[in-house]
Amino acid sequence: MKTSKTVEILVGAFVAAALLALFFLAMKVSNLGTLDTSDTFEVVARFDNIGSLKVKAPVTMAGVEVGRVSSIGFDQERYQAVVKLAIYRRFDRIPDDTFAKILTAGLLGEQYVGLDPGGSDTFLEEGSEIEITQSAMVLEEVIGQFIFGKAKEEKQ
Amino acid sequence: MRQGQEVSVAGSRPPDEPVLVKIRGLHFSRGDRKIFDGVDIDIPRGRVTAIMGPSGTGKTTLLKLIGGQLAPDRGTIEVDGLNVHALGRRELYRLRMRMGMLFQSGALLTDLDVFENVAYPLREHTRLSESMLRKLVLLKLEAVGLRGARHLKPAELSGGMARRVALARAMALDPMMIMYDEPFTGQDPISMGVLVKLIRQLNDAARLTSILVSHDVAETCAIADLVYVISGGRVIESGPPEQLRESGSEWTRQFMQGLPDGPVPFHYPAPALEADLFGEAA
Amino acid sequence: MTEVLARLGAGWILAVRHLGRSLLLLLRILEGVDELLLRPRLLVEQLFSVGVLTVLIIAVSGLFVGMVLSLQGYYILSQFAAESALGVMVAASLLRELGPVVTALLFAGRAGSALTAEIGLMKATEQLSGLEMMAVDPVRRVLTPRFVAGFIAMPLLAALFSALGVLGGWFVGVGLLGVDDGTWWVQMQARIDWNEDLSNGVIKSLVFGFVCTWIAVFQGYNSVPTSAGVSRATTRTVVHSSLAVLGLDFVLTALMFK
């Protein structure tokens, strides 16, 4: 048995190292470090089809993450998906006629919301709605359209 | 020390009651094997009482029953007026503080040195200052002659020394009684002599009650005031050692004098030799 | 035929009796926790033997498991031109499964068996009885600190394992195989969720820590007090703990990652 002082120091070092490892996992490996949930404002966008968009999917502008999808709902009267986007508060100069579309990262990757800025002088704020949206591309529909188009071409 | 108060709090009888441990109608069995089948024993206060019997008669079990580590099937054990097996956990532990037990192996804590082993019960049960504790421990170690060995680890001690350290530890809380489990087994003649002397000395100097479980007839008879002989789950005979040596019972005489043949036969029960050697194999 | 049935029944009765006994022991161990808080020294000593002494094997294994994961993952992912997801793959498998499970298996082999052997030997050499006769409850004094230390040490060890695994994977993926450093970390951060992946992994290792140390102290306390008995108990600790960890991992995974 080592002296009690050495034992105490080693146990302290062990616990400290393990907590450091946990901190590393939380901040550097997982999304806890990049998550700032408190400082956001929420805007709404309606889509005809959101494909496989999920809550927490990134919202990007020019490829930069400016927010996250905070909730996805369904409007029974207009048969549209209601997507709430939590935009980080530091991006407070996004025009309110911005164009939102659902894009896919890579060929088979996850879907995210991309914003294209409009030209308005007024900016998005808590509760505003993005009017112009483009639905997700659904692979079957794209292929369907492609084949349909080909068939038409050949007819002509 | 607080020990003095504990006696008057926990003991419901006046301390001059001559019988310290009173065992009545004790039945105990392990699995299908009956170990005690109605045993009555009285252990007088301030004396050395030996409980003897052949190996496997449950002598150690008896000590564990007195210490409350095992519970009897039937019968009662009273220690200082308290029924051991009717006590709650807290009272039982308070009673155990007043009992010391010396295990066959010594049962020292292997990761503590000799000093810390003796200090252990004091640290657990009292709030003595460090210097007071040191003095007490050294006194206890002096009493068993091992003050110089205080920094040794249990692994460095011989069997006899380990038992002496364990004895010092059992004495640490100044108990009213000490139970010895086979203290002489496997000792060389010198350490045997030391232990015999120590047990008697401690008993008389500290006004203890000693219960000694053993099958070493000569050593035990040298120090015991009273001997109980147990066999087959019953008390065969009891009395002062001199009386038992000249006992009318042939069995007792065989045991006390270590005769190879007698009521306990030399041969394990078997068919006749001739039949076994020359008869048909079954 | 009836003999087979009888033997089966006897086996069941024995198993149920063991379970009941271990549950009772667990209750007694947990009863002692408040007393332990008054003596943090005991806990520190046990954290040393259960935690610190296990760090080396955990650290080395974590590092190598991460490196191998990265190497294997790279060959498969590169066939789909998806090397950028290598970090995600390594981190996700470590945090969700390998970290808690492999740590628990190693823990059972290193710390669990040592616990059983120590307690079993204390029983065989009458130290536990000796404590009892000194009016010290061996369950509270010996088992509780060891149990709590194991419960605390397991998630800490698992965190070390996973963190070093990620670093080992990074070393192979980024350092040797040429995956882009930025891609490795950014993809990982984007796809590993602290709640879904990290917290669930920690919960797993808490459960494993509870079960492994429970098994270890029970086997030690319940061992036959001879050298053969203690060695059998040690083997049982490793076997039972490993099976319990793998079985529980399946159940927990099914409950957590729907």
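Which residue of chain A forms a salt bridge with C:R41? The partner is A:E8, with the closest N and O atoms 2.6 Å apart.

A note on reading the legends: residues are numbered from 1 along each chain as its sequence is written, while chains are lettered from A and ligands numbered from 1 in the order in which they are written. This is a predicted model, where local features need pLDDT of at least 70, side-chain atom pairs count only at pLDDT 80 or more, and totals for chains, interfaces and linings use all residues; side-chain values use heavy atoms, with hydrogens and water left out.

**View 1**
Two pairs of chains touch, and the pair with the most contacts is A and C. Contact here means heavy atoms within 4.5 Å. Chain A and chain B share no contact, and their closest C-alpha atoms lie 7 Å apart. For the complex, the predictor gives an ipTM of 0.82 and a pTM of 0.79.

**View 2. Chain C, built from helices.**
What does chain C contain, helices or strands? Chain C has nine helices and zero strands, and its pattern along the sequence reads α-α-α-α-α-α-α-α-α. Helices (H or I, at least four residues) and strands (E, at least two) are DSSP runs, numbered from the N terminus. Along the principal axes, the C-alpha atoms of chain C fill a box of roughly 65 × 55 × 30 Å. The mean pLDDT of chain C is 91, and 100% of its residues reach 70 or more; pLDDT is the predictor's confidence in each residue, from 0 to 100. Within chain C, helix α9 (residues 227-256) has the highest confidence, at 94, and α7(C) the lowest, at a mean of 82.

**View 3. Where chain C meets chain A.**
Here 28 residues of chain C are in contact with 27 residues of chain A. Together the two chains bury about 2400 Å², with 77% of it on carbon and sulfur atoms. Buried area is the accessible area (1.4 Å probe) that two parts lose on being put together, summed over both. Between chain C and chain A there are two residue pairs in polar contact, both residues at pLDDT 80 or more. A polar contact is a pair of N or O atoms within 3.5 Å; within protein, one must be able to donate a hydrogen and the other to accept it, and residues adjacent in sequence count only if both atoms are side-chain atoms. On the chain C side, α3 (40-79), α4 (86-124), α6 (138-176), α7 (181-191) and α8 (194-221) each supply at least two residues. Which helix gives the most? That is α6(C), with nine residues. By class, this side of chain C has 21 nonpolar, three polar and four charged residues. Ala, Val, Leu, Ile, Met, Phe, Trp, Tyr, Cys and Pro count as nonpolar, Asp, Glu, Lys and Arg as charged, and the others, Gly among them, as polar.

**View 4. A close look at C:R41 and A:E8.**
Back to the opening pair: chain C and chain A have one salt bridge between them, and C:R41 and A:E8 form it. A salt bridge is a side-chain nitrogen of Lys or Arg within 4 Å of a carboxyl oxygen of Asp or Glu.

**View 5. Where chain B meets chain C.**
At this meeting place, 23 residues of chain B are in contact with 17 residues of chain C. The two chains bury about 1800 Å², 51% of it on carbon and sulfur atoms. In chain B, B:Y93, B:Y120 and B:E124 lose the most area to chain C, together 27% of what that side buries. How many salt bridges are there between chain B and chain C? There are four, and one of them joins the side chains of C:E132 and B:R96 (3.9 Å, N to O). Polar contact is found in 10 residue pairs between chain B and chain C. On the chain B side, α3 (89-96), β6 (99-102), α4 (114-125) and β7 (177-181) give two or more residues, and α4(B) gives the most, with four.

**View 6. A salt bridge inside chain B.**
The side chains of B:D174 and B:K140 meet in a salt bridge (2.7 Å, N to O). This pair links distant parts of the chain, 34 residues apart: B:D174 lies in the loop between α6 (159-171) and β7 of chain B, and B:K140 in helix α5 (residues 130-143).
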